[in-house]
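Dear colleague,

I am handing over the structure below, and the notes after it go through what was found in it. Please read them with the model open beside you.

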Amino acid sequence: MSNKIIGRIAVAVAITGASLVAAAGPSQAIDCTQYGTNKDGGFLYTNGSVPYHRGPAGSCASIAHSGKAAIWCSTYNPDSGNLWYYARDISSNGMGWVWAGNVSSVEGSNHKLC
């Protein structure tokens with residue numbers, strides 16, 4: 001086989017390999033600027049202070065709130081599959097995403113997705 005043919009094969013393999021890496025790249029980062037719409041009507045309760053995140057992921061910035069919150073809607077984190085509620089804290093009116101694992105109980109929710 002000539003060097004010219006071997007060179008063409010190497011280029012074809014490199015291009016194909018690069019295409020496969022691009023197609024199977026890492027999952028998209030969570031959007032930490034997501035907001036929900038008010039379509040649920042239920043309430044969630046927490047035991048103590050929990051983080052309210054700017055997006056439905058633990059990696060998004062947060063501020064702590066506690067107690068009762070109005071649920072606006074919910075979603076599932078696409079990477080982990082965890083349930084998150086977009087909620088408004090009743091005492092402070094602070095808004096954010098609360099991981100279901102930090103919720104002690106839910107009442108009156110219609111479980112509407114965002």
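**Disulfides**

C32 and C60 form a disulfide in which the two sulfur atoms are 2.0 Å apart. The link joins distant parts of the chain, since C32 sits in the loop between helix 1 (3-23) and strand 1 (43-53) while C60 sits in the loop between strand 1 and strand 2 (62-76), 28 residues apart. The torsion about the S-S bond is -75°, and the link of C32 and C60 is left-handed. Please keep in mind throughout that this is a predicted model, and that every value quoted here was computed from its coordinates.

C73 counts as buried because its relative accessibility is 0%, while C114, with a relative accessible area of 41%, is partly exposed. When the bonded cysteines are counted along the chain, the disulfides follow the pattern 1-2, 3-4.

**Chain and strands**

The chain holds 1 helix and 5 strands, and read along the sequence they follow the pattern α-β-β-β-β-β. Strand 1 and strand 2 pair in the antiparallel sense over 8 bridges, and within that pairing V50 has H65 of strand 2 as its bridge partner. Strand 2 is also joined to strand 3 (residues 83-89), again in the antiparallel sense, by 7 bridges; here S74 has Y85 of strand 3 as its bridge partner.

Strand 2 and strand 3 form a hairpin with 6 residues between them, and G81 in the turn has a positive phi of about 80°. In the loop between these two strands lies N77, which counts as buried because its relative accessibility is 7%. What does N77 touch, leaving aside its neighbours within four places in sequence? The contacts of N77 are with I30, P56, A57, N82 and W84.

For the chain as a whole, 28% of its 114 residues count as buried. Among the contacts with a separation of 6 or more, residues 24 or more positions apart account for 54%. The chain exposes about 6900 Å², of which carbon and sulfur atoms supply 58%.

**Aromatic pairs**

The structure holds 3 aromatic pairs. In one of them, the rings of Y35 and Y86 have their centres 6.4 Å apart and their planes at 90°, so this pair is edge-to-face. It links distant parts of the chain, with Y35 in the loop between helix 1 and strand 1 and Y86 in strand 3, 51 residues apart. Y35 is exposed, with a relative accessible area of 57%, whereas Y86 is buried, with a relative accessible area of 5%.

Y86 also forms an aromatic pair with W97, and this one is tilted, at 5.0 Å centre to centre and with 55° between the planes. Y86 lies in strand 3 and W97 in strand 4 (residues 95-99), 11 residues apart, and both Y86 and W97 are buried. Y35, W72, Y86 and W97 form one aromatic cluster.

**Confidence**

How confident is the predictor, and in what share of the residues does the pLDDT reach 70 or more? The mean pLDDT of the chain is 80, and 75% of its residues reach 70 or more. Over residues 2-26, however, the pLDDT is below 50, and beyond near neighbours in sequence this stretch has 2 contacts in the model. Where pLDDT is low, the predicted coordinates should not be read in detail. Helix 1 is given as residues 3-23, and the stretch with pLDDT below 50 is given as residues 2-26, so please treat the two ranges together when you look at that part of the model.

Technical notes. Residues are numbered from 1 along each chain as its sequence is written. This is a predicted model: local features need pLDDT of at least 70, side-chain atom pairs count only at pLDDT 80 or more; totals for chains, interfaces and linings use all residues. Side-chain values use heavy atoms; hydrogens and water are left out. A disulfide is a pair of cysteine sulfur atoms within 2.5 Å. Helices (H or I, at least four residues) and strands (E, at least two) are DSSP runs, numbered from the N terminus. Buried means under 20% relative accessible area, exposed over 50%, partly exposed in between (1.4 Å probe, protein chains only). Two strands pair if DSSP finds at least two bridges between them. Contact means heavy atoms within 4.5 Å. pLDDT is the predictor's confidence in each residue, from 0 to 100. Accessible areas come from the Shrake-Rupley method with a 1.4 Å probe; for residues, only the protein chains shown count as cover. Rings of Phe, Tyr and Trp (its six-membered ring) pair if their centres lie within 6.5 Å; planes under 30 degrees apart count as stacked, over 60 as edge-to-face and the rest as tilted.
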